[in-house]
Amino acid sequence: MPEIRGLATHAAGAQLLPYKYSVGELGPHEVEVKITHCGVCHSDIHLIDNDWGLSKYPFIPGHEIVGTVTGVGSEVTDRKLGERVGIGWQADSCGICEWCRQGDEHLCAKAQPTCIGRNGGYADAIRVNAKFAIPVPEGMESENVAPLLCGGITVYSPLKNWLARPSSRVGVVGIGGLGHMGLQFARAFGCEVTAFSTSKDKEAEARTLGAHNFVNTRENGEIKKAAGSLDLILCTVSADQDFQSFIAMLRPKGTLVVLGASPSPMQISAFSLIGGQKALAGSPSGSPRDLHEMLDVAARHKVKAITEKFAMKDANKAVDKVKKNQVRYRAVLAN
Ligand code: NAP
Ligand code: ZN
């Protein structure tokens with residue numbers, strides 16, 4: 001029986017160790033992909049540490065994958081051997097519910113995340129439903145594309161779904177993996193873009209990535225000064241935040257979209273939403289249809305992740321650096 005070799009943690013917060021698992025015959029709707037690159041999303045860190053209370057061990061993280069198709073199931077007609085594909089947060093869905101039927105597979109109640117209840121991409125190979133293996137446009141470097149498959153689509157989707165346009169004033173809070181791609185996409189949508197960061201040293205780069213304005217949130221009073229200035233805020237911070245102060249930054253009819261997944265309950269007063277007819281929303285990564293579209297937009301508008309490359313065997317070093325907020329801006333593991 002063939003084996004896939006990866007890296008797994010065996011307890012919350014533990015180091016990643018070599019781990020292999022056996023796979024049987026390839027399913028009729030599956031593809032097997034030989035992994036060349038895998039991004040280190042902060043969701044992998046939450047799962048390694050069991051921040052969300054749903055991790056099962058041994059756990060192989062990884063859901064920002066690029067690789068080459070090495071196996072094609074008997075019923076798969078639209079993927080072929082040797083093709084370069086990307087795989088993001090989702091590996092399968094039921095295929096028949098109302099959400100799957102209308103191309104919103106990411107909303108399927110039976111959606112299967114790539115690395116929850118399945119073995120993820122810190123490995124030499126992976127198998128997924130072929131629908132979730134998205135062809136990567138030519139001319140893009142795999143290392144810079146891998147982070148688009150989760151981080152990229154997660155910031156692209158809300159810009160698309162909340163109709164960002166040249167008249168929109170968009171704020172991106174947290175200029176990490178998601179945030180630095182959010183600045184680029186918001187600029188590509190034609191918006192006025194404001195970066196909010198605790199890291200002063202990110203200002204120059206944030207501006208080259210698309211920010212018209214940069215707010216250092218560690219400086220007293222800076223968030224207050226931004227009150228009533230934004231139509232759409234993408235909050236990508238991985239830690240607890242003062243969401244009330246972000247609501248205050250919205251203009252009337254504005255929306256705060258929460259993308260960062262810190263585990264604590266949010267504190268918001270009803271009146272802060274009522275007065276200006278404001279909205280608070282969440283947004284998950286995105287459907288296969290939107291992944292295709294996002295990669296196409298990224299290729300045409302030259303949106304890409306700025307990466308720090310690590311050998312797959314050095315995944316623990318990458319994880320440590322992400323935890324310390326020292327990566328600029330996405331760690332990518334390479335086989
Ligand atoms: P990341 O690369 O670690 O970036 C997070 C950024 O947040 C940091 O670079 C930092 O930006 C800021 N930050 C970190 N700790 C902070 C603190 N204590 N206070 C204020 N700001 C802080 O993480 P990521 O991969 O972009 O992921 C961000 C979050 O999104 C995670 O919670 C992840 O699980 C979640 N996520 C959600 C989805 C979804 O479907 N909704 C998809 C992917 C990821 P500055 O240095 O600029 O302050
Ligand atoms: Zn992710």
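Modeller: One term before we begin: a helix here is a DSSP run of type H or I with at least four residues, and the helices are numbered from the N terminus. In that numbering, Val319 is found in helix H11. Please keep in mind throughout that this is a predicted model.

Biologist: Fine, let's stay there. Is Val319 buried or exposed?

Modeller: Val319 has a relative accessible area of 5%, and because buried means under 20%, Val319 counts as buried.

Biologist: And which residues does Val319 touch?

Modeller: Leaving aside residues up to four places away in sequence, Val319 touches Leu16, Val40, Ile45 and Ile48.

Biologist: What about Asn316, where is that one found?

Modeller: Asn316 is also in helix H11, which covers residues 315–323. Its relative accessibility is 19%, so Asn316 counts as buried. The side chain of Asn316 makes a polar contact of 3.5 Å with the side chain of Gln15, and, again not counting residues up to four places away in sequence, Asn316 touches Gln15 and Leu16.

Biologist: Changing topic to the metal. Which residues coordinate the zinc ion (ligand 2)?

Modeller: The zinc ion (ligand 2) is held by the SG atom of Cys41, the NE2 atom of His63 and the SG atom of Cys150, at 2.0 to 2.3 Å. Along the chain, these donors follow the spacing C-x21-H-x86-C.

Biologist: You mentioned H4. How many of the residues of H4 are buried?

Modeller: Nine of the 11 residues of H4 are buried, which leaves the helix mostly covered. Among the buried ones are Gly151, Ile153, Tyr156 and Leu159. The buried residues of H4 pack against S10, helix H5 (177–188), strand S13 (230–235), strand S14 (250–258), H10 and S17.

Biologist: And what follows H4?

Modeller: H4 is followed by Leu163, whose phi is positive, near 55°, although Leu163 is not a glycine. Leu163 is found in the loop between H4 and strand S10 (169–173), and with 56% relative accessibility Leu163 counts as exposed.

Biologist: Where else is there a residue with a positive phi although it is not a glycine?

Modeller: Asn50 is one, with a phi of about 55°. Asn50 lies in the loop between H1 and S4, and at 26% relative accessibility Asn50 counts as partly exposed. As background, most residues other than glycine have a negative phi, and most peptide bonds are trans.

Biologist: Then which residues are joined by a cis peptide bond?

Modeller: Tyr57 and Pro58 are joined by a cis peptide bond, with omega about -5°, and Pro58 has its place in the loop between H1 and strand S4 (65–72). A cis peptide bond also joins Arg328 and Tyr329, again with omega about -5°, and Tyr329 is found in the loop between H11 and strand S17 (330–334).

Biologist: Last topic, the domains. What does the assignment give?

Modeller: The domain assignment gives domain 1 (3–149 + 286–334) and domain 2 (152–282). Their centres, taken over C-alpha atoms, are separated by 26 Å, and the contact takes 24 residues from domain 1 and 23 residues from domain 2.

Biologist: How is the area buried between domain 1 and domain 2 made up?

Modeller: About 2,000 Å² is buried between domain 1 and domain 2, and carbon and sulfur atoms give 58% of that area.

Biologist: How many salt bridges and polar contacts are found across the interface?

Modeller: Three salt bridges are found across the interface of domain 1 and domain 2, together with 12 residue pairs in polar contact. On the side of domain 1 that touches domain 2, H1 and helix H10 (288–301) each supply at least two residues, and H10 gives the most, with seven residues.

Biologist: And how far apart are Lys160 and Asp290?

Modeller: Lys160 forms a salt bridge with Asp290, and the closest N and O atoms of the two are 2.9 Å apart.

Methods
Residues numbered from 1 in each chain as written. Chains lettered and ligands numbered in written order. Predicted model: local features only at pLDDT ≥ 70, side-chain atom pairs only at ≥ 80, totals over all residues. Heavy atoms only, no water. Donors = N, O, S within 2.8 Å, 3.2 Å for Na, K, Ca; no water. Buried < 20%, exposed > 50% of the residue type's maximum accessible area, 1.4 Å probe, protein only. Polar contact = N/O pair within 3.5 Å; in protein donor to acceptor, adjacent residues only side chain to side chain. Contact = heavy atoms within 4.5 Å. Domains from an automatic or database assignment. Buried area = accessible area lost by both parts, 1.4 Å probe. Salt bridge = Lys/Arg side-chain N within 4 Å of Asp/Glu carboxyl O.
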